[in-house]
Amino acid sequence: MAARPSTVAGFRLAARLHRVVASVWLAWVAIFVPSLVVVDAAAGPQRANRPAGGFGAGEDLLVFFEIMRPVAMPLAVVFAFACLLLIAWCVLWHAGVARWWLDPATDEARLAQILGHGLPAWWRFARLAMIALVLQVTTTAAPWLPLLADVEQRFVLPLLIFGSVATVVATVLVWLAAFRGGWLLAEPGRSSALMAWFRGLGVAVRQPLRSLLPVLVWAVPGIALLALPLLYNGPVAALFLLAAWLLAAFCMVALHMSYAPPKPQPPKPVSPLEPPTAPYVTTRIPTLLRDD
Amino acid sequence: MAGGAWAETPAAAVDTANYRIEVVLDPENHRLQGVEKVRWTNRTGEATDEIYLHLYLNAFASSKTTFMRELEWKSLRNRSGSEGGWGWIRVSRLTFDDGSDLLPTMAFVRPDDGNPDDFTVARVQLPRIVEPGGVIDIELDFEAQLPSIIARTGFVGDFHFIGQWFPKIAVFRGERGWNDHQFHAHSEYFADFGSYLVTITVPAAWVLGATGIEVRRSPPEAGRQTVVFRAERVHDFAWCTAPPDLMEVIETDFEPGRDLPISWFERARTLLDRSAADLELPPMRLRLMVPREQLKMVPRMIRAARLSVAWFGLYYGAYPYPQLTIVSPPVGAEEVGGMEYPTLIATGADRLDAYPPFSWSSDIEALTVHEFGHQYFQGLVASNEFEEAWLDEGVTSYAEISCLTAIAADGLVPEIVGYDYWAAERLALAFTNLPVTVGRRAWEYRHGWIYYLASYTKMALALRTVEGLIGPESMARGMRSYVDRFRFRHPTGSDLIGALSEAAGWDLVPFFDQAVYGDVVADWAVLAVNHKRPSSAEGFRWNGEAWRELDQEQATAEGGDGESRVVEVELGRRGEFVGPVEVELRWSDGTTERRTWDGETRWVRWRLEGSGRLEQVSIDPDVVWALETNRADNYWRDRMAQADHPLWWIREGLRLVGYVFLRFS
């Protein structure tokens with residue numbers, strides 16, 4: 001039976017899994033530290049000399065290009081590697097949390113135990129993530145293909161609108177299916193990521209509003225919090241960045257947990273001294289003795 | 001349609017080569033049959049017994065022509081099938097004014113590269129010498145096969161854009177001989193001014209646009225129509241035709257009372273120091289030929305055209321022709337766009353340009369402004385595009401960017417997401433790893449993109465630097481003087497440099513020698529700034545009568561605060577470009593001073609005395625040297641700037657991506 005998504009449950013469980021939230025946050029920061037080191041080493045001394053009023057008209061991008069050009073390739077490599085690590089980490093904690101939650105033998109939220117649950121299933125969940133990424137790229141590009149053809153002007157606006165809407169809808173569906181399919185994939189005996197994704201899609205389609213609500217409540221703010229530091233120019237930009245990303249980590253864990261099914265309870269042990277709990281039937285055995 | 005009024009003709013050089021051409025288009029086979037009469041006058045002080053004919057369509061004859069070889073990737077386009085492909089032109093009759101047959105004397109020449117497969121220049125031996133001032137008449141019949149469009153001219157389906165389609169007499173430069181250059185991929189054209197009377201026969205009901213104005217249209221007969229165009233004081237003739245279901249013609253106008261921004265008028269009056277009467281612009285007709293799929297962009301195209309006419313009319317003189325035709329090619333024919341011909345320009349637009357985010361880009365305005373700019377630089381001021389491409393492309397680019405900057409600053413095109421156009425050009429120049437020489441012949445660059453970088457970008461930035469050095473008033477007056485003096489003539493780079501030097505009041509030849517004819521790079525840097533206390537005075541000083549022992553004044557030390565100190569500022573010139581540069585010094589007491597370094601030596605040390613610390617040094621704070629693209633080392637400050645935003649590099653990277661999108665989308 002498909003789980004009923006709950007944003008409130010997602011919040012409660014994310015609070016319970018605060019160690020996971022912290023680890024997600026720390027990993028995000030740590031993964032991008034090498035990029036920051038490369039940038040600071042290349043640009044730090046020259047950026048430190050920038051005039052008090054900023055660079056002259058049109059200068060800032062030119063100086064940026066001049067400073068970063070020598071390190072563009074190493075930075076690209078470091079950044080790409082960081083992105084791969086980030087994906088691998090996301091797969092690990094998603095898998096770990098899902099399998100830990102579905103293991104009736106676990107109760108306390110120990111980080112090591114959670115991540116330990118994720119390792120054996122990492123490749124399975126990685127395949128699910130790759131399926132979603134490929135589908136994301138495909139469904140994002142496909143709606144725009146008609147514009148490459150020599151279509152008449154009167155079709156351009158409808159195609160643009162269709163492409164925009166289709167891209168958003170496809171993105172939401174692909175990842176909804178992946179999130180819901182991930183919980184199905186975590187069940188014992190499941191191994192096909194592709195089947196899990198399709199089953200997740202089916203569940204999401206059968207519960208469209210319930211599936212969508214956690215996306216609106218957790219995913220949208222979470223992504224916004226990841227990007228918000230780019231817009232903040234205040235004096236404590238670094239602290240703001242760390243705080244925003246911490247909240248974003250919480251949102252991402254809450255999103256994941258919003259789709260969690262009820263935690264299976266461990267079976268109770270049966271004592272021979274206790275009367276059987278199931279109803280029983282009294283059978284009267286005929287005897288030669290009289291009852292009186 | 002009746003003919004329009006023509007402005008005053010300032011000189012007799014406007015009728016050197018007069019053409020009368022009758023041409024019939026075969027739309028099925030995309031062929032032209034033509035009869036041409038040319039009256040050529042020897043306007044030089046040298047006699048000649050030969051003429052050279054440009055037969056540019058032969059550049060499309062095969063993959064081995066000079067043009068095709070230089071085109072690189074475009075020559076790989078598939079040209080097979082019923083769409084045809086190759087183009088050529090053949091002169092079948094060539095007679096002199098005395099009736100003699102000149103065809104046997106016609107021989108193809110390849111003075112630029114000796115390519116035996118190139119047939120774009122032909123030498124014709126005349127039966128007599130043409131003395132200075134002499135006039136000859138030549139008649140010829142020609143047949144031309146239009147190529148499918150890969151560049152400049154040809155057809156796509158029923159759309160025909162016909163440029164460089166007739167045998168054209170080259171320019172005779174007297175002592176320097178004939179300008180007999182072949183047709184190269186990255187060069188354009190050079191011809192004499194004259195009048196054109198061209199009779200064009202095309203299928204009935206097809207729309208037709210051409211250089212000049214329509215003077216007569218015959219009623220359709222046997223499915224064809226004949227239209228006569230007249231153009232005076234032009235040096236080329238191009239035309240465009242297509243069925244009415246493919247292209248639509250929009251007739252509009254430029255009305256100065258409506259279309260000339262008042263702020264532009266006032267600013268031009270100030271910069272040029274001219275009266276309002278001097279800057280009055282006449283009305284003129286605008287004629288747009290636009291594919292039906294681009295009709296949504298027509299209002300924006302018209303607005304761009306009007307703003308172009310206003311800008312160039314104010315700063316470079318009123319447009320002397322009564323009509324401008326603007327052709328936007330349809331899908332598949334984009335390669336004829338971005339090109340200029342006298343009173344006809346080919347622009348371009350995409351179907352997506354009507355919708356954001358593509359509508360945010362100023363491509364339509366940039367193309368229109370640039371191609372209209374060529375109406376002046378190369379159209380009126382007819383420099384040699386083969387040998388000095390920078391003189392029209394660079395000057396036009398400078399004028400274009402100045403116009404776009406004004407358009408964006410004044411919010412005259414609300415759709416545009418404005419950005420710093422000059423900064424974008426500097427970024428483009430910064431992309432190259434090797435220094436670029438501007439002053440080359442168009443086909444002598446290492447790659448095609450270097451031709452664009454040199455002739456367009458670097459030259460525009462060089463002129464921007466000149467503007468910063470001599471001031472906007474002198475620049476505006478110098479440019480206006482150049483155009484006024486050399487309208488309908490063939491100036492060279494020296495003429496432009498002379499006009500600007502005269503307006504500036506100082507010799508700009510050393511600057512242009514470096515910026516145009518050299519490949520030197522401008523790059524200054526703050527090498528060091530040292531704060532010292534004045535050294536203690538020891539020893540003796542001669543007071544005119546005797547040696548006196550000096551007083552102990554101050555201890556020598558670095559650092560400290562609030563007391564008299566000496567600051568040594570060392571500036572260096574890392575690049576080889578020598579020129580004056582301004583340096584701004586900001587002190588801790590809030591005062592700011594500016595000094596000029598002539599840059600003659602490789603480095604200089606200034607010893608400054610002040611009561612406070614020197615807080616900041618900025619070389620070229622006003623960004624006068626647009627040519628300098630290494631700017632990070634132009635700045636020094638005493639206390640380091642506050643810590644950067646940790647994601648500053650992502651923000652700047654995204655901005656850079658945005659600039660690239662707006663510039664190149």
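**Reading a helix, a core and a pocket**

Mentor: Start with helix α4 (residues 298-316) of chain B: its 19 residues reach 26 Å from first C-alpha to last, close to the 27 Å expected at 1.5 Å a residue. The expected span is 1.5 Å times one less than the number of residues. Helices are DSSP runs (H or I, at least four residues), numbered from the N terminus. This is a predicted model, where local features need pLDDT of at least 70, side-chain atom pairs count only at pLDDT 80 or more, and totals for chains, interfaces and linings use all residues. Residues are numbered from 1 along each chain, chains are lettered from A, and side-chain values use heavy atoms, without hydrogens and water.

Trainee: How many residues of α4(B) are buried?

Mentor: Buried means under 20% relative accessible area (1.4 Å probe, protein chains only). Here 17 of the 19 are buried, so α4(B) is largely enclosed by the rest of the structure. Gly317(B) follows, with a positive phi near 100°.

Trainee: Which residues have the most contacts inside the largest nonpolar core?

Mentor: A nonpolar core is a set of buried Ala, Val, Leu, Ile, Met, Phe, Trp, Tyr and Cys residues joined through side-chain atoms within 4.5 Å. The largest has 224 residues, and Trp165(B), Trp239(B) and Tyr316(B) have the most contacts inside it. A second, separate core of 64 residues includes Trp218(A) and Trp245(A).

Trainee: Which helix gives the most to the lining of the second largest pocket?

Mentor: Lining residues have an atom within 4 Å of a pocket grid point. α4(A) gives the most, with eight residues. The lining has 43 residues; Leu86(A) and Cys90(A) are among those nearest the pocket's centre.

Terms used
1 Å grid on protein atoms, 1.4 Å probe; cavity = no way out; pocket = protein on both sides within 12 Å on 5 of 7 lines; lining within 4 Å. Helix = DSSP H or I, 4+ residues; strand = E, 2+ residues; numbered from the N terminus. Buried < 20%, exposed > 50% of the residue type's maximum accessible area, 1.4 Å probe, protein only.
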